[in-house]
Amino acid sequence: MSHRNLFSVTILLLVFSLVACGPRPAERLQSKSQRHGLAHDTKQHLVSVAKQYEGARYKYGGEGPKSFDCSGFTRFVYSEVGIQLPRRSADQAQFGKKISAHRAQKGDLLVLKKGRKVQHVGIVVAAKDEGLWVTHASTSRGVITENMSSSPYWKSRIRYARRVLP
């Protein structure tokens, strides 16, 4: 082997060893509890953003921040935490991991249907024994938070939730 080839191989080995022994990305160094904490913080931020817009009026096709329709509201709020949802509620109903409504948690999308058609989406802000509290853009009352599980109108329309955040 020539001096030049030996030098090239030595340099390559040195570079590979530096890369292999160098610091790992911060994300890999986080413990499971730290990652869970980040997910919790993101969910809490999502809920805080959703609640900031309570009282905004309903407008068909509204994408915020002064007026919303249901999917415009969910899309706007999720975008504030860096997640881009599709625009239409039927498409949002396919986004993320499908879970049963009784397993829904804070930060999940709640999907409501009339018959087989997706009728509405909202953001779960609390899942308690007494029901699912959801912030959503209501056609009659604008952006509100209500217990969908006890609502005579919404209870029969709850179908499933979508887990968008880990």
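Q: Which residue in β8 does L112 stand opposite?
A: L112 stands opposite I158. The model is a predicted one.

Q: And how do β4 and β8 pair?
A: In the antiparallel sense, over four bridges. β4 covers residues 109-114 and β8 covers residues 158-163.

Q: What's the strand order in the sheet?
A: β3-β8-β4-β5-β6-β7. That is six strands in an open sheet, with antiparallel pairing.

Q: Which strands are at the edges?
A: β3 (97-100) and β7 (142-147). Each of them pairs on one side only.

Q: What about twist from one strand to the next?
A: The average is 35 degrees.

Q: Which strands does helix α4 touch?
A: Helix α4, residues 70-79, packs on the sheet and touches β4, β5, β6 and β7. The helix direction makes about 45 degrees with that of β5 (117-128).

Q: Switching to H120. Where is that?
A: In strand β5.

Q: Buried or exposed?
A: H120 is buried, because its relative accessible area is 6%, and the cut-off for buried is under 20%.

Q: What is H120 in contact with, leaving aside neighbours within four places in sequence?
A: C70, L110, V111, L112, H136, A137, M148 and W154.

Q: Which side chain makes a polar contact with the H120 side chain?
A: That of H136, at 2.8 Å.

Q: How far is Q92 from H120 in space?
A: 9.9 Å, C-alpha to C-alpha. In sequence, H120 and Q92 are 28 residues apart.

Notes:
Residues numbered from 1 in each chain as written. Predicted model: local features only at pLDDT ≥ 70, side-chain atom pairs only at ≥ 80, totals over all residues. Heavy atoms only, no water. Pairing = 2+ DSSP bridges. Helix = DSSP H or I, 4+ residues; strand = E, 2+ residues; numbered from the N terminus. Axes fitted to C-alpha atoms, helices over the stretch in contact; angles between N-to-C directions. Contact = heavy atoms within 4.5 Å. Buried < 20%, exposed > 50% of the residue type's maximum accessible area, 1.4 Å probe, protein only. Polar contact = N/O pair within 3.5 Å; in protein donor to acceptor, adjacent residues only side chain to side chain.
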